[in-house]
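Open your viewer and get ready to select things one by one. We will go from an open space to what sits inside.

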Amino acid sequence: MKEPAHLALHPFGQIPTYEEGDLALFETGSIVLHVAERHAGLLPRDANARARAITWMFAAVNTVEPPILDLSAARVMERDKPWYEDRLPLVMDRVRGRLDQLSARMGDADWLDGAFSAGDLMMVSVLLRLRASGILDEYPNLAAYVARGEARPAYQRAFEAQLAVNTAPPKG
Ligand SMILES: N[C@@H](CCC(=O)N[C@@H](CS)C(=O)NCC(=O)O)C(=O)O
């Protein structure tokens with residue numbers, strides 16, 4: 001991913017990237033928005049509802065994901081550091097702070113704002129990163145929300161397709 005051919009697609013040498021004809025995109029949110037704007041079922045037709053769904057996409061990556069990424073990074077990269085045991089509860093509490101707010105906002109709703117949208121797609125994928133930590137189980141409505149997202153046939157198809165790529169024997 002750090003070779004020139006990939007850096008030409010993604011300046012930070014990461015995945016995912018998306019290519020369609022002459023267009024090359026990076027950043028998950030941008031790729032999902034691009035797809036959602038061109039295919040039915042991911043963004044509402046009503047202009048205000050559409051703007052709110054896009055707002056939830058930004059909220060997922062910009063507000064909810066950062067403390068979750070911090071937790072993942074701490075667990076992977078700081079486990080052997082002298083401060084790990086002291087810092088971990090602080091990082092987990094920052095995640096809980098965001099989940100408290102999201103959980104209160106969702107209440108018993110199935111999705112963030114009416115019908116399922118790309119905002120839910122992004123939020124579910126961000127929350128899924130918490131599975132290993134067990135924190136999600138402290139929020140039954142959020143755990144049920146993530147389960148609903150994973151149960152969608154489109155999610156199942158995408159997951160199976162990605163799994164097939166990841167478990168395919170190496171070429172050559
Ligand atoms: N903000 C980026 C983050 C992408 C990202 O963190 N990708 C990870 C894999 S999930 C990656 O490529 N890591 C390798 C690296 O940073 O060198 C997005 O949402 O697309």
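Begin with the largest pocket, which has a volume of about 1800 Å³. Keep in mind that this is a predicted model.

Now show the lining. The largest pocket is lined by 42 residues. Select P16, T28, V32, L121 and S125: of the lining residues, these lie nearest the centre of the pocket.

Next, colour the lining by class.

Switch to a cartoon view. Which helices and strands each supply at least two residues of the lining? They are β1 (17-20), α2 (28-38), α3 (47-77), α5 (118-128) and α7 (153-167). Pick out α7: with nine residues, α7 gives the most to the lining.

Select the residues around the ligand: M1, K2, Q14, I15, P16, E27 and T28. Two of these names, P16 and T28, also came up at the pocket centre. The shell around the ligand divides into three nonpolar, two polar and two charged residues.

- K2: a polar atom of its side chain lies 2.5 Å from an oxygen atom of the ligand.
- Q14: an N or O atom in its side chain is 2.8 Å from an oxygen atom of the ligand.

Finally, show the surface. On its own, the ligand has 510 Å² of accessible area, and the protein covers 59% of that.

Note on methods
Residues are numbered from 1 along each chain as its sequence is written. This is a predicted model: local features need pLDDT of at least 70, side-chain atom pairs count only at pLDDT 80 or more; totals for chains, interfaces and linings use all residues. Side-chain values use heavy atoms; hydrogens and water are left out. A residue is near a molecule or strand if one of its heavy atoms lies within 4 Å of it. A polar contact is a pair of N or O atoms within 3.5 Å; within protein, one must be able to donate a hydrogen and the other to accept it, and residues adjacent in sequence count only if both atoms are side-chain atoms. Accessible areas come from the Shrake-Rupley method with a 1.4 Å probe; for residues, only the protein chains shown count as cover. Ala, Val, Leu, Ile, Met, Phe, Trp, Tyr, Cys and Pro count as nonpolar, Asp, Glu, Lys and Arg as charged, and the others, Gly among them, as polar. On a 1 Å grid over the protein atoms alone, a cavity is a set of points where a 1.4 Å probe fits but cannot get out, and a pocket is an open set with protein on both sides within 12 Å along at least five of seven lines; lining residues have an atom within 4 Å of a point. Grid points are joined across faces, edges and corners, and a volume is the space filled by probe spheres set on the points. Helices (H or I, at least four residues) and strands (E, at least two) are DSSP runs, numbered from the N terminus.
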